[in-house]
Amino acid sequence: MKHAYFGAALFAALAFPSLALAHVSLAVPAALGGSYYVGAFRLSHGCGASPTISVRIDIPAEIDIARPQPKPGWSLTVTRQRLAKPVQSEGGMVADRVSAITWTGQLPADQFDEFAIMMRVPPRGGALYFPVVQTCAEGERRWVDVPKPGARAANPAAVLQLAAPSNQQVAQEHRH
């Protein structure tokens, strides 16, 4: 299983070199569709010389389960949205989903950090975009652009490349 994740990450790094240029990117930019995935969103700088004081990550509607990792020294706000139909998780039925997570704290402009979320990604292949709003003591950066085919986005959203699960993997996930 480790080889499959490594292969998917290597594929994404080679096939999508522009991912490395994004200012908010995922430490591991690939996952198997339908699996649980821990995404560490890497923030590489502040707004010019201004420190980052807030990071908001919008969770795509296709993700029904997401749990933030708390960070020492940062407060955490979780925004929830009612699901049209409850879903089963390992802890029971879930009637709402996390639609956004915001960490509030202080990150000097010349340092980087990671903001982690454990989530169940949709059982499909392709790109999954996470808009991120970085608020600084002076200014704001909106990493929310989804690139059009053949073009680069000016302020790219963080992207996760999903590898389509096989029918056997989908059947195994439904048994758990």
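What is the handedness of the disulfide formed by cysteine 47 and cysteine 136? The torsion about their S-S bond is about 70 degrees, so this disulfide is right-handed. The model described here is predicted, so that local features need pLDDT of at least 70 and side-chain atom pairs count only at pLDDT 80 or more, while totals for chains, interfaces and linings use all residues. Residues are numbered from 1 along each chain as its sequence is written, and side-chain values use heavy atoms, with hydrogens and water left out.

**Overall make-up**

- The chain has two helices and 12 strands, where helices (H or I, at least four residues) and strands (E, at least two) are DSSP runs numbered from the N terminus.
- Read from the N terminus, the order of elements is α-β-β-β-β-β-β-β-β-β-β-β-β-α.
- Of the 176 residues in the chain, 41% count as buried, a term that means under 20% relative accessible area, against over 50% for exposed and in between for partly exposed (1.4 Å probe, protein chains only).
- Among contacts (heavy atoms within 4.5 Å) with a separation of 6 or more, 70% come from residues 24 or more positions apart.
- The accessible surface of the chain is about 9,800 Å², and 57% of this surface belongs to carbon and sulfur atoms; such areas come from the Shrake-Rupley method with a 1.4 Å probe, and for residues only the protein chains shown count as cover.

**The disulfide**

- One disulfide is found in a search of the whole structure, taking a disulfide as a pair of cysteine sulfur atoms within 2.5 Å.
- Cysteine 47 is joined to cysteine 136 with an S to S distance of 2.1 Å, and both of these cysteines are buried.
- The link connects distant parts of the chain, 89 residues apart, with cysteine 47 in the loop between strand E3 (36-43) and strand E4 (52-58) and cysteine 136 in strand E10 (residues 132-136).

**A four-stranded sheet**

- An open sheet is formed by four strands in the order E1-E3-E8-E5, with antiparallel pairing; two strands pair if DSSP finds at least two bridges between them.
- Strand E1 (24-26) and strand E5 (65-68) are at the edges with a single partner strand each, so one side of each has no neighbour in the sheet.
- E1 and E3 are joined by three bridges, and serine 25 has arginine 42 in E3 as its bridge partner.
- Eight bridges connect E3 with E8, and alanine 40 is partnered by alanine 116 in E8.
- E5 pairs with strand E8 (residues 113-120) over four bridges, with isoleucine 65 standing opposite arginine 120 in E8.

**The largest nonpolar core**

- This core has 27 residues, of which Phe41, Ile57, Ile59, Ile117, Met119, Phe130 and Leu160 touch the most other members; a nonpolar core is a set of buried Ala, Val, Leu, Ile, Met, Phe, Trp, Tyr and Cys residues joined through side-chain atoms within 4.5 Å.
- Two or more core residues come from each of E1, E3, E4, strand E7 (92-107), E8, E9 and strand E12 (158-163), and E7 supplies the largest share, four residues.
- Leucine 160 is in contact, beyond its neighbours within four places in sequence, with residues including Leu26, Tyr37, Val121, Leu128 and Phe130.

**Proline 122**

- Proline 122 lies in the loop between E8 and strand E9 (126-130) and is buried, with a relative accessible area of 6%.
- Apart from neighbours within four places in sequence, proline 122 contacts Gly33, Gly34, Glu62, Ile63, Leu128 and Leu162.
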